[in-house]
Amino acid sequence: MKRFANKIIWITGASSGIGEALAYEWSKAGARLILSGRRLGELERVKAACMYSELCVTLPFDLADRQQIETAADRVLQQFGTVDILVNNGGISQRSLVMETDLQVDRRIMEVDYFSGVTLAKKLLPAMTATGGGHIVVISSIVGKFGFPLRSAYSAAKHALHGFYESVWAELHTQGIRVTIVCPGRILTDVSLHALTKDGTPYGIMDHGQKNGITAASCARKIIKAVRSNKKETYIGRQDLLMVYFKRYVPWLYYLLVSRVQPR
Ligand SMILES: NC(=O)c1ccc[n+]([C@@H]2O[C@H](COP(=O)([O-])OP(=O)(O)OC[C@H]3O[C@@H](n4cnc5c(N)ncnc54)[C@H](OP(=O)(O)O)[C@@H]3O)[C@@H](O)[C@H]2O)c1
């Protein structure tokens, strides 16, 4: 973990769940953290609980607002010059059927889960390449590898991340840019509580899958291990990961299983 000491790591979605757990793990390693999310109170709580809270700053902004994202990136570049690791983690899930979901909800999920990270990457890549490189860690999902009922927009946004960041790597790895795309399965966080329903209101229910998922702390440790070993793509979960391999190697089995999932 020594290699992360004094590294500047910007984590979006640091006010809860996986982002919060990443903050605690990287703080133990002596990293300088920028903690982002909308809820300043929660960000301050996370900062105070970090091992080296004096090395952490909070920077609240809304990932759905391009202006706020660009202003936040300008502030980071002004204060730190560059970022060693950008963790595009902040995101929102979905619990609604294709035919019932308002198009505004599809667009919002695309903004928060896809365009926000693209905006941040475009703002930071010039500084990263000018200073010898940087690492972008992208929190996708296993549904970034296959479609799933009630997740149409979420799955689409997560799929889009793969195309964008694989292309970033292809264009910029010779300039020191590394990319790690993380595909978690079910992780015990509030993600289903915050998920959007057909009209954009929060789902508000702790799903069985999340309740029985692996802990955010365990997920964070696996993410950091993948970053340390410069993995390009990694899957984190239990038997839920099998669907990734069914889709890739036994597609008929994936289609059979996904057709039997009860959407509600
Ligand atoms: N938990 C799982 O089972 C699972 C599985 C696969 C992938 N993931 C992915 O993991 C990432 C983290 O989710 P989580 O499980 O830790 O859920 P979570 O506890 O709900 O955390 C989501 C984080 O994203 C932030 N966020 C959401 N909307 C935002 C907005 N408009 N502007 C700024 N920040 C926003 C939230 O902060 P504020 O509310 O303070 O804004 C919060 O810190 C997400 O990208 C999610 O898709 C989770």
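This is a predicted model: local features need pLDDT of at least 70, side-chain atom pairs count only at pLDDT 80 or more; totals for chains, interfaces and linings use all residues.
Let's start with Phe115, which is found in helix H4. Helices here are DSSP runs of H or I with at least four residues, strands are runs of E with at least two, and both are numbered from the N terminus. At 38% relative accessibility, Phe115 counts as partly exposed. That label has cut-offs: buried means under 20% relative accessible area, exposed means over 50%, and partly exposed is in between, using a 1.4 Å probe and protein chains only. Phe115 and Ala64 are 51 residues apart along the chain, and their C-alpha atoms are separated by 8.3 Å.

Residues are numbered from 1 along each chain as its sequence is written, and side-chain values use heavy atoms, with hydrogens and water left out.

## Around the ligand

How many residues surround the ligand? There are 31, and the closest are Arg38, Asn89, Tyr154, Thr189 and His194. To count as near, a residue needs one of its heavy atoms within 4 Å of the molecule. The shell residues divide into 10 nonpolar, 14 polar and seven charged.

On its own the ligand has 880 Å² of accessible area, and the protein covers 97% of that. Those areas come from the Shrake-Rupley method with a 1.4 Å probe. Helix H1 (17-28), helix H4 (103-130), helix H5 (152-172) and helix H6 (191-194) are the elements that give two or more residues to the shell.

## Rings in pairs

A pair of aromatic rings is described by the distance of the centres and the angle of the planes. The structure holds nine aromatic pairs. Rings of Phe, Tyr and Trp (its six-membered ring) pair if their centres lie within 6.5 Å; planes under 30 degrees apart count as stacked, over 60 as edge-to-face and the rest as tilted. Why is the pair of Trp10 and Phe61 edge-to-face? Their planes are at 65°, with the ring centres 6.1 Å apart, so the pair gets that name. Trp10 lies in strand S1 (residues 8-11) and Phe61 in the loop between strand S3 (56-58) and helix H3 (66-80), so this pair ties together parts that are 51 residues apart in sequence. Trp10 is buried at 0% relative accessible area, and Phe61 is buried too, at 5%.

Tyr235 and Tyr245 make another edge-to-face pair, with centres 5.9 Å apart and planes at 90°. Tyr235 is in strand S9 (residues 233-236) and Tyr245 in helix H9 (residues 242-249), 10 residues apart. Is each one buried or partly exposed? Tyr235 counts as buried at 18%, whereas Tyr245 counts as partly exposed at 33%.

Most residues other than glycine have a negative phi, and most peptide bonds are trans. Leu150 isn't a glycine, yet has a positive phi of about 70°. Leu150 is found in the loop between strand S5 (134-139) and H5, and counts as buried at 13% relative accessibility.

Asn230 is another non-glycine with a positive phi, about 55°. Its place is the loop between helix H8 (216-228) and S9, where Asn230 is partly exposed at 33% relative accessible area.

## Along the chain and through space

Thr215 lies in strand S8 (residues 214-215) and counts as partly exposed at 41% relative accessibility. Thr215 and Arg186 are 29 residues apart in sequence, with 9.1 Å between their C-alpha atoms.

Cys50 sits in the loop between helix H2 (40-49) and S3 and is buried, at 5% relative accessibility. Cys50 and Glu70 are 20 residues apart in sequence and 26 Å apart in space, C-alpha to C-alpha.

Technical notes. Ala, Val, Leu, Ile, Met, Phe, Trp, Tyr, Cys and Pro count as nonpolar, Asp, Glu, Lys and Arg as charged, and the others, Gly among them, as polar.
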